[in-house]
Amino acid sequence: MGIIKSTLPQHSLLTGTNYAYVDSFQGTYLDVANDISAQDIGKAFFYSAPKWTAQLFELRNRLVSVFGLKTPDKTQDRQALLDNFTCEAGERLGLFKVFDRTEDEVILGEDDRHLDFRISLYKESTNAHDGTKNLTLSTTVTFHNRFGKLYFLPVKPFHRLIVPIMLKGIIHQIENNRNVFA
């Protein structure tokens, strides 16, 4: 099954929060041994971005730094951070902070002057009884001012393009590269 447009899962920690924008995409992965944790999925998120998105983020960081918006710390060794990442609430990796983690969900995001965003990585069993699970990647955005809305206008089309690709990459990581998470 491919990646499909979905809705925010009913039991997500983000359900019931106030936001101005939301989107969700869902894919299915195989976890016969039932041993892929929310932590594994959270870690896979950081391995899943297509290589070309690094250039987009670098451009974004150069542009927004002029306006005093948050950018990731470049002085840190990203691979060392990934190797030690435990996906615990309060932990940070680049621009992303872990806001919460349950058995079935990781909430990542950031708060800034112009907007706050949250990313939910929500896993749930299917009714198939064959070890398949659904993984839903949802994004919510809360705008603080007109600049936040203006900032998000050119971001939204890229976001809608990148997120399904990242979800596919996360699923690939958790199904095929388990040694990365050990």
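Mentor: Thr 132 has a relative accessible area of 17%, so it counts as buried (under 20%; exposed is over 50%, partly exposed in between; 1.4 Å probe, protein chains only). This is a predicted model, in which local features need pLDDT of at least 70 and side-chain atom pairs pLDDT 80 or more, while totals for chains, interfaces and linings use all residues. Residues are numbered from 1 along each chain as its sequence is written, and side-chain values use heavy atoms, without hydrogens and water.

Trainee: Which side chains make a polar contact with the side chain of Thr 132?

Mentor: A polar contact is a pair of N or O atoms within 3.5 Å; within protein, one must be able to donate a hydrogen and the other to accept it, and residues adjacent in sequence count only if both atoms are side-chain atoms. The side chain of Thr 132 has one with that of Thr 126 at 2.6 Å and another with that of Asp 130 at 2.8 Å.

Trainee: In which strand is Thr 132 found, and how do S2 and S7 run?

Mentor: Strands are DSSP runs of E, at least two residues, and helices runs of H or I, at least four, numbered from the N terminus; two strands pair if DSSP finds at least two bridges between them. Thr 132 lies in S7. S7 is antiparallel to S2, with ten bridges, and also to S6, with eleven.

Trainee: How many residues of S7 are buried?

Mentor: Ten of the twelve.
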